[in-house]
Every structure is written in structure tokens, then in C-alpha cells.
Amino acid sequence: MTEASGLHGRLDGRRALVTGSSQGIGLAIAKALSNGGASVCINAPAPDAAFDLACREAGAAIGIAADLTGPDEVERLVAAVTKALGGLDILILNAALQEKQPWSGFDRMSIYRQLEINLAANYRLIQAFVPAMAERGFGRLIAIGSIQQVREHPEMLFYAASKAALESMVRNIARQVAGRGVTCNILAPGAIATARNREALADAIYRDAVLARIPAGRFGTPEDCADVALFLASDAARYVTGTTLFVDGGMHL
Ligand code: NAP
């Protein structure tokens, strides 16, 4: 969280889960929520050294290793979060799988893998937590979408499609719970410098081509996304729901 955001302390007493938060955008969001006063659960597929470090950096209440592509992992994550925090006020759906193939070359398993984590696991987490938020009269659902909802990469057909479908799902649910204190929004990053795209952006020609498409003239940082997530999670965004906020330096324009 930057000083300028002025939101520090507004999340005291709130309980949050950030999926896929051992690095990148998820970790930055977990840190921002924790600095904002929330108790935060960190999640990643395996309890490795990066995961332990992330838990410490984010001041996490608990770190839960769960691979969201696994058959019973969502249920295990839900049970562990509920046991640790007693419930959830802020759900950040950040973990996602991105596979690159020529548009005509995706095999069935690749399609299923991407839809499983980017859509089905997210739905099951929503199912587990959002109805209880509505009953309690407060909740924040923030799904991490992508610039690819509107600017599809030709070789990431199912990733782009899954993010567009996620947006549709979140907008749909936003309407169901809007009168009950629960807001549901999509934070759609543009090109953010993280491990996910480090290799691709190391190619100077590709890097310059991407940069040329960003009106702001720079790649985004995980913190650019975290500040917006903090806003959406805060009381300041109480009347914002069913919205997609692009955090992309104008790349969607
Ligand atoms: P990242 O740096 O690759 O980090 C992804 C995180 O998710 C890591 O903590 C990773 O853990 C975890 N993860 C991966 N597979 C998982 C699984 N099966 N179960 C649980 N956790 C899992 O990604 P990022 O760039 O920060 O992206 C975060 C989100 O932003 C994603 O939804 C992505 O689609 C979206 N996004 C990113 C960009 C961008 O330019 N970076 C642009 C648009 C949208 P390990 O490291 O242990 O695998």
C-alpha cells in the first residue's frame, strides 16, 4: 500500500483469503490487505521456501498450501481458512493458469486444466464463502481478471476465454448479493511485471511491442494492482459492484 492511498487501517477486523499469493500480484495484494489491518490467509500450491517467505512478508495469519487444480484441494482450503479465521470477509480470486498454444492446437487436458482453476475452482470458492458473507451483511469478492477479457492474445485462447467467463460469473453474482452488503468486482491487470511474463519480456522485440500498446508508457507493478484491490476491499468502495476495473495504464483503450 502506498502512503498516498490513505486507506491504512480501514480493514481492521476483516478476514481475507488471497489465492495464489506466494509471489506477484497475489503477494502484493496480501501484503496490502495485511498492512491495512486484515487477517490474511496466503495460498500457493506447495509449501516451499518462497511460500514461507511470502507468509512472513505478508504478516499472514496462516499459509495454506493447496493446489487448486487438485480434486479436493478447494474443500481443504475452505476448511483450513474457516478453521483459522472463523469465516471470511474478503475473497480474492487471484490464482490462474495460463497456457500458450497456437489457437488450433489446444489439447483437451490443457483446456480442462485452465478452466478448472480459472473458473471452476473460483466458483467453488465463491460458493463456499459468498452466501455466508451475504448472511452476515458484509463481503468483498474481488476476482483478478485480465486485459485479455477485451484484448485476447492469439495464442492464449482458453486463458482469455476463462477470464471473460469469470467476469460474467462475477457480474452475475454481484446482482444477487448487491442488497446484502456484498460487493463483487473484477480487477483486470494489463501487462504487469511478474515472474509469469519475465521470460517473454526478456525478449527486447516482444517487450517493445507490448510497451508500445500501453498508453501510460510503462509496465505495471504488482503494487499498482494491490492499491486498487485495497480500495475495492475497503469501505470506500461500498457502492461499487459488478464493475471491471482495468489496472493497465490504458492498455484496454
Ligand atoms: P505469478 O507471478 O505467476 O504468480 C501466481 C501465483 O499463483 C503464485 O503464487 C503461484 O504459486 C500461484 N499458483 C499457481 N498455480 C496455482 C495453483 N494451481 N493453486 C494455487 N496457487 C497457484 O502470477 P501473476 O502475474 O502475479 O498473476 C496473478 C493474477 O493476475 C492471475 O490471475 C493472472 O491471470 C492475472 N494477470 C496477470 C497479468 C500479468 O501481466 N502478470 C496480466 C493480466 C492478468 P507458485 O509460484 O508456487 O506456483
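The shell around the ligand comprises 14 nonpolar, 12 polar and three charged residues (Ala, Val, Leu, Ile, Met, Phe, Trp, Tyr, Cys and Pro count as nonpolar, Asp, Glu, Lys and Arg as charged, and the others, Gly among them, as polar). The model is predicted, so local features need pLDDT of at least 70 and side-chain atom pairs pLDDT 80 or more, whereas totals for chains, interfaces and linings use all residues. Residues are numbered from 1 along each chain as its sequence is written, and side-chain values use heavy atoms, with hydrogens and water left out.

Ser 22, Gln 23, Asn 94, Tyr 159 and Thr 194 come nearest among the 29 residues around the ligand (a heavy atom within 4 Å). An oxygen atom of the ligand is 2.5 Å from a side-chain N or O atom of Tyr 159, and a ligand oxygen lies 2.8 Å from a backbone N or O atom of Ile 192. A ligand nitrogen is 3.0 Å from a polar backbone atom of Leu 68. The protein buries 87% of the 900 Å² that the ligand exposes when taken alone (Shrake-Rupley method, 1.4 Å probe).

The ligand sits in the largest pocket (more than half of its atoms within 2 Å of the grid points; a pocket is an open set of points on a 1 Å grid over the protein atoms alone, where a 1.4 Å probe fits, with protein on both sides within 12 Å along at least five of seven lines, and lining residues have an atom within 4 Å of a point). The lining consists of 49 residues, with Gln 98, Tyr 159, Thr 194, Arg 196 and Asn 197 nearest the pocket centre. The largest share of this lining, six residues, comes from α6.

Note on methods
Polar contact = N/O pair within 3.5 Å; in protein donor to acceptor, adjacent residues only side chain to side chain. Helix = DSSP H or I, 4+ residues; strand = E, 2+ residues; numbered from the N terminus.
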